[in-house]
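Work through the exercises below with the structure open. Try each task before reading its solution.

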Amino acid sequence: MNPNKTLWEKGDFTRIAAGMRRSGEELVTDLGIRPGTQVLDLGSGDGTTAVPAARLGAEVLGVDIASNLVAAGNARAQAEGLENCRFQEGDASNLEDLEDDAFDVTVTIFGAMFAPKPFDVAGEMARVTRPGGRIVMGNWIPDDPTLVAQILKISSAYSPPPPEGFVSPMTWGVEQQVTERFGEAGVPAENVAFQRGTYRFEYPLPPAEVVGLFRDYYGPTMNAFAAAGENGRTADLEHELVALFEAQNESANGATSIPATFLRVTVSV
Ligand SMILES: C[S@@+](CC[C@H](N)C(=O)[O-])C[C@H]1O[C@@H](n2cnc3c(N)ncnc32)[C@H](O)[C@@H]1O
């Protein structure tokens, strides 16, 4: 079994993604999408960016390694009557079902960064995007003080060391590594641009209950709780995460609204 697939099928990312919809919609508005634009959403989850791109008239294919999220994306598209949006299973490290130069825009928001073999991922994104097209990545940034990097940092202190040769997904948040990966794929450094962006996690629940969502439905956090449990440290992990979510919460009405900084990578193919 592919451990990458197992990790993401373990939980139910739709429960987390439900609080990320507004930022997904905002991000899509400046992708230059017009009716008929061919869009690939890689590591699409249940369509936080794919669905609003389709609402703008793009022809959207969402590709994700997790079969439960592919099914959830297709259900969302169907519920909205979006015949121009479909989801299928695939691995960002090897997009063997997709033809060369097939897409005007390849977007991957906290998606392809989680695939193994980052050089293969960059090569595949460059291959399936047409010359003159664009790749837009959203990547979390290692050691950033905002939410997601801090969740991962706290979680890793409770988890066993990664296997030999493991390349952290967070390396996609380091500009030099991103440039090197696209360089190997034949994209010159001057065609790779970087910006900081903000994604907001918004839930009609207090922060402690949002931690519960991550504990019960977000694969990486589920694994951290499993490891903490084996060492009798479940309460410590929970306490640290609740303190983090509460400290970063900007909602004044008992709900949760937490901004998180990401690296936006735009590649001109
Ligand atoms: C943090 S979620 C983000 C989902 C979506 N892009 C969003 O913004 O809601 C990461 C996604 O990447 C997918 N993923 C992880 N590894 C992958 C791979 N090798 N190929 C394709 N998708 C992958 C996961 O299944 C999951 O849906």
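The model is predicted, so local features need pLDDT of at least 70 and side-chain atom pairs count only at pLDDT 80 or more, while totals for chains, interfaces and linings use all residues. Residues are numbered from 1 along each chain as its sequence is written, and side-chain values use heavy atoms, with hydrogens and water left out.

**Exercise 1.** Describe how helix α6 packs on helix α8.

Solution. Two packed helices are described by the angle between their axes and the distance between the axes. Helices (H or I, at least four residues) and strands (E, at least two) are DSSP runs, numbered from the N terminus. Axes are lines fitted to C-alpha atoms, for helices over the stretch in contact, and angles run from 0 to 180 degrees between N-to-C directions.
- Step 1: α6 (residues 118-128) and α8 (residues 175-184) have axes 8 Å apart, at an angle of about 60°.
- Step 2: That angle makes α6 oblique to α8. Angles under 35 degrees count as roughly parallel, over 145 as roughly antiparallel, 65 to 115 as roughly perpendicular and the rest as oblique.
- Step 3: Pro118, Phe119, Ala122 and Met125 of α6 meet Glu180, Arg181, Phe182 and Glu184 of α8; contact means heavy atoms within 4.5 Å.
- Step 4: By class, this contact of α6 with α8 has five nonpolar, no polar and three charged residues. Ala, Val, Leu, Ile, Met, Phe, Trp, Tyr, Cys and Pro count as nonpolar, Asp, Glu, Lys and Arg as charged, and the others, Gly among them, as polar.

**Exercise 2.** At what angle do α1 and α10 pack, and which residues meet?

Solution. 
- Step 1: Helix α1 (residues 3-10) packs on helix α10 (residues 219-230) at about 90°, with the axes 7 Å apart.
- Step 2: The two helices are therefore roughly perpendicular.
- Step 3: α1 contributes Leu7, Trp8 and Lys10, and α10 contributes Gly219, Pro220, Met222 and Asn223.
- Step 4: The residues of this contact of α1 with α10 divide into four nonpolar, two polar and one charged.

**Exercise 3.** Is Thr108 buried or exposed, and what does its side chain reach?

Solution. 
- Step 1: Thr108 belongs to strand β4 (residues 103-109).
- Step 2: Its relative accessible area is 0%, so Thr108 is buried. Buried means under 20% relative accessible area, exposed over 50%, partly exposed in between (1.4 Å probe, protein chains only).
- Step 3: The Thr108 side chain reaches the backbone oxygen of Leu42 at 2.7 Å.
- Step 4: Beyond four places in sequence, the contacts of Thr108 include Asp41, Met125 and Val136.

**Exercise 4.** Which residues of α9 are buried?

Solution. 
- Step 1: In α9 (residues 207-217), the buried residues are Pro207, Val210, Val211, Gly212, Leu213 and Phe214.
- Step 2: These buried residues pack against several elements, among them α2 (14-17), α7 (147-156) and β6 (192-203).

**Exercise 5.** Where are Lys117, Asp143 and Asn231?

Solution. 
- Step 1: Lys117 is in the loop between β4 and α6, with phi near 60°, and is exposed at 55%.
- Step 2: Asp143 is in the loop between β5 (129-140) and α7; its phi is about 65°.
- Step 3: Asn231 is in the loop between α10 and α11, and its C-alpha atom is separated from that of Ser159 by 9.8 Å.

Technical notes: A polar contact is a pair of N or O atoms within 3.5 Å; within protein, one must be able to donate a hydrogen and the other to accept it, and residues adjacent in sequence count only if both atoms are side-chain atoms.
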